Amino acid sequence: MTPKLTLATLALLVSAPAFAADLSAPEAAPEAPAAAAPAVTHPWTFSIEGSPEFFAIDQKPGTQAKEQGALADFYGKLGLSYTFDNHVVVGTSYQLTDKKNRADDGSSKDDTYGDQIEATLGYKYKIDTFTLTPSVGLGYAFGATGIYGDEATPSKDNNAAYYTVSLAGDWKLNKQWTWNVFNARWRDAFGYTWQTPKLSTGITYNVDDTTALYTNVGYAWKKVNSGTDPNFSDLDGDKWNVAVGLKKSF
């Protein structure tokens, strides 16, 4: 073998790996990071709601004052909430209830008023077009609260702090309509028996991206301290209502 041939062979052997590397497939580009969840465009929501409430059972049999179906009260409620990009929702509300007091013969007496202030924390869990929203809350009731004391001190209309636990389910039917399938609430006062669960269902019409009108119908039960109100020593029907409201987001 001549020296020139030997040198050529060595050069070919040295350059072959580099040449093969050049022919290898290029490395795959790194995967793009997952897209971030879209920001909530209108996180604040203001709401206003009003409703008459009617007695669900005869609360004083034989009188016109509290017979089943009679007007019990009328309430107005203001709310403000904020929805974070991670679907956590914080809110606060104030409710004023005008209680329509009646004598046994049905004649009018002076109205009394009850107030409730409340703060809530919830989370919106979306499953396609269905949204589940569990939430917890703390509140304070004062004025004509209807919260009774115990048998030893059977006072009425006690001021009290309370807690709530609720679960709402909403089904977005299309851009305009949402069926508020259910809203289930459990509520009780600290230091008193004031168990007041409620179940409601309704419908919402979305006027545009920031404005919605809604209505719902609800049924509430009640249990208070034993011996202070014989109508509610057990968990019995209390009131039903038809509410209308407006929500404005910004």
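## Exercises on a predicted model

Strand β4 (residues 112-123) and strand β6 (residues 130-143) pair in the antiparallel sense over nine bridges. Keep in mind that this is a predicted model.

**Exercise 1. Work out which strands pair with β6, and in what sense.**

Step 1. Start with β4: its pairing with β6 is antiparallel, over nine bridges. For a spot to look at, take Q116, whose bridge partner in β6 is A141.

Step 2. Move on to strand β5 (residues 125-127), which runs antiparallel to β6 and is joined to it by three bridges. Here K126 stands opposite T131 in β6. β5 and β6 make a hairpin with two residues between them, and D128 in the turn has a positive phi of about 60°.

Step 3. Finish with strand β7 (residues 160-172), which pairs with β6 in the antiparallel sense over 12 bridges. G139 has Y162 in β7 as its bridge partner.

**Exercise 2. Decide whether T97 is buried or exposed, and find what it touches.**

Step 1. Check the relative accessible area. T97 comes out at 8%, and buried means under 20%, so T97 is buried.

Step 2. Look around it. Leaving out residues up to four places away in sequence, T97 touches D73, F74, Y75, T112, Y113 and G114. Its side chain also makes a polar contact with the side chain of Q95, at 3.2 Å.

**Exercise 3. Describe how W44 pairs with Y82 and with F250.**

Step 1. A search of the whole structure turns up 10 aromatic pairs. One of them is W44 with Y82, an edge-to-face pair at 4.8 Å centre to centre, with 65° between the planes.

Step 2. W44 is in strand β1 (residues 44-55) and Y82 in strand β2 (residues 71-83), so this pair ties together parts that are 38 residues apart in sequence.

Step 3. Now try W44 with F250. Their ring centres are 6.4 Å apart and their planes are at 10°, so this pair is stacked. It links distant parts of the chain, 206 residues apart, with F250 in the segment after β12 (236-249).

**Exercise 4. Find out where the pLDDT is below 50.**

Step 1. Take the whole chain: the mean pLDDT is 86, and 80% of the residues reach 70 or more.

Step 2. Over residues 3-14, the pLDDT is below 50, and this stretch has one contact in the model beyond near neighbours in sequence.

Step 3. Where pLDDT is low, the predicted coordinates should not be read in detail.

Methods. Residues are numbered from 1 along each chain as its sequence is written. Side-chain values use heavy atoms; hydrogens and water are left out. Buried means under 20% relative accessible area, exposed over 50%, partly exposed in between (1.4 Å probe, protein chains only). A polar contact is a pair of N or O atoms within 3.5 Å; within protein, one must be able to donate a hydrogen and the other to accept it, and residues adjacent in sequence count only if both atoms are side-chain atoms. Contact means heavy atoms within 4.5 Å. Two strands pair if DSSP finds at least two bridges between them. Helices (H or I, at least four residues) and strands (E, at least two) are DSSP runs, numbered from the N terminus. pLDDT is the predictor's confidence in each residue, from 0 to 100. Rings of Phe, Tyr and Trp (its six-membered ring) pair if their centres lie within 6.5 Å; planes under 30 degrees apart count as stacked, over 60 as edge-to-face and the rest as tilted.
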